[in-house]
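Please keep the sequence and the model in view while reading.

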Amino acid sequence: MKLIEGRAWVFGDDINTDVMAPGLYFKASMEEMARHCLEAINPAFAREVRPGDIVVGGRNFGVGSAREQAAIALTHLGVGAVLAMSFGRIFYRNALNFGLPALVFPGAATVRPGDRLRVDAVAGRIEIAGSGAVHTVAGIPAHLMAMVEAGGLMPWLKLRVNKEPH
Amino acid sequence: MPRTLTEKILARASGHPRVSPGEIVTCRVDLALLLDSGGPRRIWPRLKELGVGVWDPERIVLCSDHFTPAVDAESAAILKLTREFAAHFSIRRFFDMRGIGHVLLAEQGLLTPGMFAVGGDSHSSMGGAFGCFMAGFGAIELTGVLVTGEIWIQTPETVRVNWSGHFARGVVAKDIALFLCRELGMENGGRVLEYGGETVRNMSIWERMVLTNMAAELGAETGLVEADEVTLQALRAAGRGPATDALDWRSDPGARYAAVHDFSATDLAPQIAAPHSPANSGPVGSFDSVRVDQAYIGACVGAKLSDLHMVAEVLKGRSVARGTRLLVAPASVSAMTAAAADGTLATITAAGAYLLPTGCGACAALGAGVLAENEVCISSTNRNFRGRMGANSAQVYLASPYTVAASAVAGRIADPREFLP
Ligand code: SF4
């Protein structure tokens, strides 16, 4: 997996899946849904986020519902990785299942909006360009590495289905 | 070595002699709940892409509840696709517009103690009231389950939450749930909340389901209640003869808990969660100046038959305040039917309530009852995140059905204890 480099978008604690994928846009296309991602917290985010940018949350990032559109909206906007002090359990699983690296980063509070970050999700290495700080965190769990390396659960299931005799 | 109920179920489902907290295991799924929201419409295209069918249609329960009844062409298409999926894969347990999935599982007696179940919805934890392990996952993972019949779990630690004493009149399980959101916080990842103690033992299965439902708000892996006579009674009422080993699915005496909390229900006041978080809760007294535009009785957690009974108790001989609207969306068709038969609906509608169709509705801004900018709502649902029930500036307060009904009568947030004999 290649290095992820981009600007940091910093959010606070308890960012829930309802604000990442608002119910009002459930029946709309994924493009439309993604345009409203996190607008209740930061209206500029969906407009200005660039491919490779990194979302940095506080505690319990992705708390709430099982809606996978929360994780998909972020991948749709090109977000390269999500770092947070802790994650809501279903969001965490969803993110990895869509090939979006999610790392528990106890030092998330030291990141400022717009900081340039470089993340090695496999090794668990986070570099903050401005301050020069380098953090080591737990990388992607070993039992999920093959799945995330394959690009997520779907590509991984494809490999598995194709391996089995028909 | 003594084991918790969760460890016993995960060991059985993963085929290991024993499992310990932290251990990652792959479990065989006994039952998978799919809903119209994250079900066929998201999963079927993926199955087509993979060129495979489902592993076992007999282990799948499919319910249309989020987009029912259709309010536009898009929701109609989702419901149609859900029906086609059920027919295509011969899913016998398909409940089309019969109620909210989590409640239907209980009404149908489809969950049994010791089971390992998954659902494509975060409130799947509700099923844990039957002494089984049932947790929620995203549609992408349910796709994996449908293909392989398996899912990975990191064995959670168990936190025991004991309640003793008797509730004051007008105080119910929902008040406990809102109290715990504040007391234990919403960040209980990697933990199962096992509810017990005298207060929980004395609860009906429907009230226990409120506790396990809102384990989702507490951020827990899931919630559960050990099986007892109440559980078996509920299964018999649904026409299922419980298995002979049903009562063995309990934590062993001396099992290791990550923490044990002891609370007393005796002095618990009705609780309110203020916008925009279930953890933003406190006793009702601190909110009595809050004027209410809409009072909502709805959702899996808050519109079961037992909840409708609470509402009728308060509304009997009273009327909804001018300038306030009370909307009631029963959680299932059988709850609605029973409430019609026993006079509950007559009491509720005579008081001026507006009856809505069964389904998730306004709970997640999917159906009727959505809020306008800056409107204030008191709701028997489980989440009040910003924008969840409509406009971003809408203010949603969470409370028990008793408190919602009392507030509808008062036109402002009110203490139900003043409305009950
Ligand atoms: S009623 Fe609300 S909380 Fe319950 S399943 Fe439906 S949307 Fe989810």
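Asn60(A) is found in the loop between β2 (54–57) and α4 (69–76) of chain A, where helices (H or I, at least four residues) and strands (E, at least two) are DSSP runs numbered from the N terminus. Asn60(A) is buried, with a relative accessible area of 3%; buried means under 20% relative accessible area, exposed over 50% and partly exposed in between, with a 1.4 Å probe and protein chains only. Although Asn60(A) is not a glycine, it has a positive phi of about 60°.

This is a predicted model, in which local features need pLDDT of at least 70 and side-chain atom pairs count only at pLDDT 80 or more, while totals for chains, interfaces and linings use all residues. Residues are numbered from 1 along each chain as its sequence is written, chains are lettered from A and ligands numbered from 1 in the order in which they are written, and side-chain values use heavy atoms, with hydrogens and water left out.

**Further backbone features**

- Ala299(B) also has a positive phi, of about 85°, and is not a glycine.
- The place of Ala299(B) is in helix α10 (residues 299–302) of chain B, and at 1% relative accessibility the residue counts as buried.
- The peptide bond from Thr68(B) to Pro69(B) is cis, with omega near -20°; Pro69(B) has its place in the loop between β3 (60–64) and α3 of chain B.
- A cis peptide bond also runs from Pro275(B) to His276(B), with omega near -5°; His276(B) lies in the loop between β12 (271–273) and β13 (281–283) of chain B.

**The interface of chain B and chain A**

- Contact, meaning heavy atoms within 4.5 Å, takes 45 residues from chain B and 34 residues from chain A.
- The size of an interface is often given as the accessible area lost when the parts come together.
- Between chain B and chain A the buried area is about 3,500 Å², of which carbon and sulfur atoms give 59%; buried area is the accessible area (1.4 Å probe) that two parts lose on being put together, summed over both.
- Ile140(B), Trp152(B) and Glu187(B) supply 19% of the area that chain B buries against chain A, more than any other three residues.
- Nine salt bridges cross this interface of chain B and chain A, a salt bridge being a side-chain nitrogen of Lys or Arg within 4 Å of a carboxyl oxygen of Asp or Glu.
- Glu187(B) forms a salt bridge with Arg59(A), and their closest N and O atoms are 2.9 Å apart.
- The elements of chain B that give two or more residues to the side touching chain A are α2 (40–50), α3 (73–88), β6 (133–136), α5 (139–148) and β7 (150–154).
- The largest share of that side of chain B, seven residues, comes from α5(B).

**The two domains of chain B**

- Chain B is divided into domain 1 (5–264) and domain 2 (271–419), with bounds that come from an automatic or database domain assignment.
- The centres of domain 1 and domain 2 of chain B, taken over C-alpha atoms, are separated by 24 Å.
- Their contact takes 34 residues from domain 1 of chain B and 39 residues from domain 2 of chain B.
- The area buried between the two domains of chain B is about 2,900 Å², with 63% given by carbon and sulfur atoms.
- In domain 1 of chain B, Ile100(B), Lys174(B) and Leu178(B) lose the most area to domain 2 of chain B, together 19% of what that side buries.
- Two salt bridges are found across the interface of the two domains of chain B.

**Arg383(B)**

- Arg383(B) is found in the loop between β17 (376–379) and β18 (395–398) of chain B and is buried, with a relative accessible area of 1%.
- Glu217(B) forms a salt bridge with Arg383(B), the closest N and O atoms being 2.7 Å apart.
- The side chain of Arg383(B) reaches the backbone oxygen of Gly64(A) at 3.4 Å.
- Leaving aside neighbours within four places in sequence, the residues in contact with Arg383(B) include Gly64(A), Ser65(A), Ser122(B), His123(B) and Glu217(B).

Conventions:
A polar contact is a pair of N or O atoms within 3.5 Å; within protein, one must be able to donate a hydrogen and the other to accept it, and residues adjacent in sequence count only if both atoms are side-chain atoms.
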